[in-house]
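Me: Please take a close look at one part of this model with me. I'm new to this, and I would like to learn how to read a pair of packed helices.
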Amino acid sequence: MFTKIIASIRGLGRRVTDRIWRLGFASRFFLAIFLHSGTSLRRFGLTIREIYFTGVLSLIIILVSGMFVGMVLGLQGYDTLQRYGSSEALGILVALSLVRELGPVVAALLFASRAGSAITAEIGLMKATEQLSAMEMMAVNPIARVVAPRFWAGVLSMPLLAALFSAMGVFGGYLVGVKLIGVDEGSFWSQMQASVDFREDILNGVIKSFVFGVIISWIAVFEGYDAEPTAEGVSGATTRTVVTSSLAILAADFILTAFMFRGA
Amino acid sequence: MPVEPLVKISNLSFAYDNRPVLTGINMEIHRGKVVAIMGSSGCGKTTTLRLLGGQLKPTSGYVSVGGQVVHELGDDALYALRRRMGMLFQFGALFTDMSVYDNVAFQMREHTDLPDQLIHDLVLMKLNAVGLRGVHHLMPSELSGGMARRVALARAIALDPMLIMYDEPFAGLDPISLSIVGQLIRTLNDALGACSIVVTHDVQESLKIVDYVYFVSEGKIVAEGTAEEIRNSKAPYVHQFVWGEADGPVPFQYPARPYGDAILREVPRVH
């Protein structure tokens with residue numbers, strides 16, 4: 001009995017130290033990406049190519065989801081607002097919900113599932129098939145040539161995708177609120193224009209999506225690079241990317257929101 | 001005055017954590033030679049290649065290539081040395097998102113400022129040397145195993161290296177591809193005036209092309225000699241290996257408790 005307790009405490013301790021060690025490795029890896037980013041900035045074509053794979057190919061899911069989220073906001077928002085006789089404020093509700101919260105957060109969650117998992121799987125498979133080792137033996141640093149362009153592509157794509165998500169969401173809210181339900185079009189747009197502040201709302205939303213982009217891209221490239229070079233290892237790393245990114249996005253969103261919007 | 005060897009391995013030992021993989025290895029390999037490192041799986045052959053390429057650091061001893069001690073080099077010097085090395089990985093390790101042409105051109109584009117036209121000519125020359133000029137437009141997924149290996153060989157010699165390393169170049173090839181790859185290793189080495197190290201356990205094919213053989217067992221060199229000496233060797237391990245005998249110094253049975261005890265007394269627990 002006593003031995004079992006000792007063994008379980010020891011197992012717990014090992015898991016904790018393993019996690020801390022891995023976090024340290026991930027931090028050093030993050031630093032290495034910055035140190036070896038010269039190639040992806042000098043030869044920007046490498047990053048553009050990855051922006052196509054991570055950003056452009058994520059457009060469909062982002063645009064369609066944005067549209068539906070905006071449409072649902074339009075329905076739910078109208079239902080609540082009309083109880084208080086302020087259904088003209090629907091434009092404000094839809095726009096603020098999207099640019100402050102739903103745009104960056106939902107777009108980031110979708111981006112983590114669509115692009116983050118693909119980045120991890122690609123780098124993990126390159127490792128499993130010795131392509132990264134081959135690159136090293138050809139005197140080409142895989143962090144500079146493979147990892148950094150994918151990282152920066154994710155960081156640059158994320159704010160753009162979040163902006164498109166919000167724009168499509170506003171359009172979806174407009175379709176449902178104005179065209180379907182019949183909210184006054186002038187009030188919908190003018191109240192939105194009057195109440196959405198560029199610095200407070202839009203810029204803060206962009207900052208959020210940029211931070212989420214860094215988090216997702218970092219986790220995705222790290223998990224791929226650190227994946228065990230087997231089919232099972234790559235599959236596990238891909239799952240970890242989606243799960244860890246999603247939790248990290250939600251936690252970071254809470255922290256950022258606490259700093260940005262303090263009810264002032 | 002004796003000629004300095006291109007590759008010198010001196011009293012080399014290496015361990016993963018506390019598990020020794022190589023112990024007291026010594027080798028000298030000269031330019032123009034094709035040398036095989038043979039031994040059963042897990043004996044430390046591939047580890048030796050990784051130490052040569054600077055992907056691992058020795059526990060003790062050293063590896064020197066072209067007069068430079070590999071593990072003492074900084075990143076820049078190591079990368080400069082690697083530009084003069086070529087390596088063929090076991091399954092080619094071609095970049096799957098690039099065509100055959102782009103794979104072979106990869107190092108030229110990364111390390112030189114050559115104009116596109118010249119790179120084009122060089123790539124076709126390299127592919128022609130391995131007999132695959134006609135597949136330059138294909139993707140790696142469209143190649144057979146043997147063709148992928150030959151394209152990887154063309155990529156490995158893209159910058160005319162002084163040292164070419166081959167990790168199991170014959171694994172999984174049909175007899176024709178096997179013979180072609182074997183001949184290519186020899187002819188390319190002679191044409192480039194390079195030095196080739198072939199890690200393999202394909203005895204018959206490699207003995208046809210190599211100048212010298214090192215036999216590694218349990219991390220130590222247990223025999224060495226020319227192909228002829230190895231064929232005629234009476235050393236039990238070498239004899240078993242060369243002639244593919246099922247039992248010998250490397251036993252057929254993995255060490256275990258006596259058979260009778262295991263059958264009569266051990267009842268495995270079913271979970």
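Reply: Happy to! Helices (H or I, at least four residues) and strands (E, at least two) are DSSP runs, numbered from the N terminus. By that count, chain B holds ten helices and ten strands. This is a predicted model, in which local features need pLDDT of at least 70 and side-chain atom pairs count only at pLDDT 80 or more, while totals for chains, interfaces and linings use all residues. Residues are numbered from 1 along each chain as its sequence is written, and chains are lettered from A and ligands numbered from 1 in the order in which they are written.

Now for our pair, in chain A. Helix α9(A) covers residues 198-226 and helix α10(A) residues 231-260. Their axes (lines fitted to C-alpha atoms over the stretch in contact) lie 9 Å apart, at an angle of about 155°. Angles run from 0 to 180 degrees between N-to-C directions, and over 145 counts as roughly antiparallel, so α9(A) is roughly antiparallel to α10(A). The crossing is right-handed: the near helix is turned clockwise from the far one by less than a right angle.

Which residues meet? Contact means C-beta atoms, placed from the backbone, within 7 Å. From α9(A) come, among them, A:Phe212, A:Ile215 and A:Ile219; the α10(A) side includes A:Thr244, A:Ala248 and A:Leu256. The residues of this contact divide into twelve nonpolar, five polar and four charged. Here Ala, Val, Leu, Ile, Met, Phe, Trp, Tyr, Cys and Pro count as nonpolar, Asp, Glu, Lys and Arg as charged, and the others, Gly among them, as polar.

Note on methods: Parallel < 35°, antiparallel > 145°, perpendicular 65-115°, else oblique. Contact = placed C-beta atoms within 7 Å.
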